[in-house]
Amino acid sequence: MAIIADSEIERLRRERIEELKRIRSEGQKVVGYICQYVPVEIIQAAGAIGVRLARADYLSSLLGEQFLRADACPFCKSCLGKFETDPLYQLTDALVFVNTCDMMRRLPEAVGAQKNLPVFQVYLPRNSEPCLNRIEEFERQLALLRDGLTNLTGRNWDDHRLLTAIKDYNLIRALLTRIDSARQTLPPLVKGSEILDIVALSWLLSPKQAIDLLTEVSQRLNALNLRRKTEDINPELGPPSFRPRVMIAGSILTEDDREVIQMLEAQADIVADELCTGVRFFAGQIELDKGPLRAIARFYFNRIPCAYRRPNDLLYEHLQQLIQERRVQGVIYKTLLYCDPWRFEAKHLRQMLKIPVLEIDGDYSGANIEQLRTRIEAFIETLGQHQEADGEF
Amino acid sequence: MSYQDPQPARITFEQWDELFARIPDELIDRFHYFPPNSFSWSKYLFPPQTFAIYGARHLRRLKFDNSLASLRLWGFVNNESERLFRARQMGKRVIAVMGDLGPLAVIVNSFPDCIPFYPDCWWWTPFAMESKVLLDAAASLGIGEATCFSRAALGAFAKHSYFPDPDLILAATGASCDDYSGVESLVAKLTGRVKWVETPLRLSGQNEQLIRFLVAEYHRVVSALEDLTGTRLTGTMLKDGIRRANRVRHLTSRLRQLAYQHGVLPALETMMVEFGCLHYYSDITEWTAILEHLLSTAEFRLKNGLLVLNPESLRIAWLTPPADPLLLCFVEDHNARLVATEYVINQALSIIDESLPGLAGIARTTLAGSLNGTSAQRAELLITQARTNQAEGVIVSGILGGSHCAMESKLIAQHIKQRHNIPILEFDVAPPAKEVDRQTRTRIEAFLEVLRSRRCQKS
């Protein structure tokens with residue numbers, strides 16, 4: 001039984017887009033952001049509505065090739081194309097980018113050249129070593145973003161609103177972390193695909209709506225867990241199935257890029273992820289021991305690093321920690337074609353992790369879908385054989 | 001001892017061999033790297049054939065300027081690997097500087113007996129050697145095809161035979177391409193010892209704050225070098241390092257002007273002059289002497305109307321350095337010449353403001369970097385020169401899968417069309433081979449034909 005039905009997700013999404021249209025017609029600004037490093041708290045505190053734009057498909061990617069070369073990142077191309085096709089993208093009054101990888105840092109210029117939208121570009125040092133000058137510089141950039149956004153919305157800045165936003169998003173992150181931990185159980189209480197859908201809803205809905213939804217989901221999980229403990233075999237849950245436990249890691253996995261997930265879940269449990277649209281989006285809490293802007297700067301600067309950051313050793317540490325905690329047997333390493341930061345790490349990652357890794361490279365085209373299915377099936381089968389041989393579970 | 005340059009011309013590999021026989025031995029003995037050392041092992045004035053025997057097979061297909069100064073340049077550039085190993089033997093510190101293309105080498109060079117070099121420049125090696133050995137080595141470490149040829153640097157680190165294992169690796173990242181940042185990341189994993197330096201974006205109206213930020217980064221570099229060498233960097237040492245770097249940059253600027261405005265030096269040699277601003281081919285003193293020699297040759301040629309390129313040839317602006325140097329020869333063989341370039345190293349060509357505190361002056365040039373700003377700004381760097389020198393067309397040589405090429409090529413082309421309205425040819429440089437691939441050849445020929453017909457129409 002799904003913890004959240006597809007129809008419920010679809011309804012929430014549809015209603016939210018309608019709501020955004022209405023709010024926007026009343027004068028409030030909708031600000032789109034792309035990346036996990038954008039501090040949505042500042043967007044909210046500036047009086048705008050922040051929505052993450054993390055959708056991509058092949059058609060929009062092809063449309064993006066009007067502006068970028070074919071060998072550009074498929075996600076970046078798709079972002080450009082989505083402004084032609086996706087109602088959510090068309091609702092945005094401004095965009096916030098953080099320069100992360102080279103492709104992403106050049107995207108604002110491409111968007112700016114094609115769309116008449118205010119674009120804010122925030123410079124986050126690529127270097128992840130938390131030296132004081134780097135965090136101070138990032139804080140200065142956030143102050144510039146704050147000023148730019150308040151100009152856009154016409155609202156006066158108020159630190160109390162920022163504190164409220166921090167509390168709201170801290171709660172959202174805490175709830176998502178709690179829900180995600182339900183993947184740890186044997187068998188998992190929640191599917192990997194559901195986690196990704198819930199995370200995607202959390203960046204689309206208003207903070208209040210997101211908190212309500214996540215609280216509700218959390219309660220459903222508690223109830224399920226309780227029933228599982230009290231009943232040997234729950235008719236709703238079915239018999240416990242100990243399927244291979246896999247992790248998915250790699251480049252951004254967008255909301256509508258679900259084919260690999262579906263293939264995996266047909267035979268295995270996705271018990272962990274290392275994705276910016278998954279755990280890296282909600283891990284951690286902003287600690288308010290300094291001024292709120294400095295606290296935000298420190299939090300985002302120190303997030304579990306995307307592979308593009310230098311050095312990115314903490315990414316590997318986090319991967320290894322998840323593998324241990326969640327008893328992961330194999331990793332699906334899914335990268336986007338021409339996504340250098342993630343593709344270049346594949347070989348090293350394979351050596352470091354010491355468990356089977358399946359590398360998949362894609363561009364949303366689905367051209368190799370059947371080949372992919374065979375590879376995934378073979379991979380999972382191998383993990384199953386390992387599981388039997390090791391007498392695990 | 002008398003030797004006079006022949007009538008300026010672009011000559012072949014074989015012709016250089018014949019010409020070399022006429023150069024007196026005394027003259028050959030005069031040039032040594034790491035002067036004032038004069039040991040016989042430090043001679044470098046050899047004909048291209050010497051380096052072809054040692055593996056630089058592509059030299060057989062290039063055309064060279066026939067001046068003694070250019071021969072000096074070729075010998076010196078081709079000799080760099082040997083020079084770096086010698087530096088180690090002589091007790092000098094060999095410092096790999098990666099990614100920032102220019103500014104960090106100025107700091108390193110301010111320390112006594114520290115030799116900076118850019119592994120980045122090994123991207124030419126697969127082409128020079130007509131070999132994929134370094135690219136294959138990079139692939140075995142995780143960086144395969146459809147990536148910038150700069151991945152050869154990773155292969156060179158893995159092979160341990162192209163340069164000595166550095167005493168320190170400084171890796172700049174930030175406003176850099178993903179390809180090279182990936183190379184740096186894997187070098188860090190391979191060697192386990194990299195000092196990271198952040199290079200920020202150039203953001204409108206924020207120069208002073210970003211300079212302060214960069215100065216803090218550079219202080220960490222200085223500390224690392226002080227720890228390594230046991231020498232404290234004084235203001236005077238840094239000023240002296242900057243002055244020497246500026247001397248190279250001034251000479252380069254004048255040479256570019258003479259080459260691109262008057263055609264007194266071919267594009268290939270001029271490109272090598274430009275890239276000498278990165279790290280002076282690991283020996284700033286001798287490199288400066290070579291530039292002075294080249295400049296006196298160029299000025300002599302101009303004064304006496306002895307041009308190496310036809311002044312009536314088509315005038316081309318070139319964006320992004322071609323990994324295959326044969327492309328530059330190919331264009332010149334087709335009666336065209338370069339009059340403007342943007343080789344992603346503007347930070348190394350910009351003069352450092354000596355009135356500023358040392359590190360701040362260097363930081364300012366870092367922010368002038370070609371890749372630190374927007375694509376439109378980069379296009380403007382080329383357009384300014386192209387207008388001055390009346391370029392008739394722009395060639396953009398890209399790299400398949402290179403992150404900045406993929407993202408900015410169309411933007412730059414669009415910008416140039418809007419602002420300058422001259423034809424643009426864009427192509428990706430093919431992997432190392434013995435000749436320019438047929439498709440690229442046809443496209444360049446067709447492009448030059450278009451420019452020719454446009455010129456006819458105008459006249």
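**How the two chains meet**

Two residues are in contact if their C-beta atoms, placed from the backbone, lie within 7 Å. In this predicted model, local features need pLDDT of at least 70 and side-chain atom pairs count only at pLDDT 80 or more, while totals for chains, interfaces and linings use all residues. Residues are numbered from 1 along each chain as its sequence is written, and chains are lettered from A and ligands numbered from 1 in the order in which they are written.

The contact between the chains draws 37 residues from chain B and 34 residues from chain A. On the side of chain B that touches chain A, helix 10 of chain B gives the most, with 9 residues, where helices (H or I, at least four residues) and strands (E, at least two) are DSSP runs numbered from the N terminus.

**The build of chain B**

Chain B holds 20 helices and 10 strands, and its C-alpha trace spans about 65 × 55 × 50 Å along its principal axes. Among contacts in chain B between residues at least 6 apart in sequence, 74% join residues at least 24 apart.

**Two helices in chain A**

Two packed helices are described by the angle between their axes and the distance between the axes. The axes (lines fitted to C-alpha atoms, for helices over the stretch in contact, with angles from 0 to 180 degrees between N-to-C directions) of helix 1 (residues 6–25) and helix 9 (residues 192–204) of chain A come within 11 Å and cross at roughly 15°. The contact is made by I9(A), L12(A), R13(A) and R16(A) of helix 1 of chain A and by D197(A), L201(A) and L204(A) of helix 9 of chain A.
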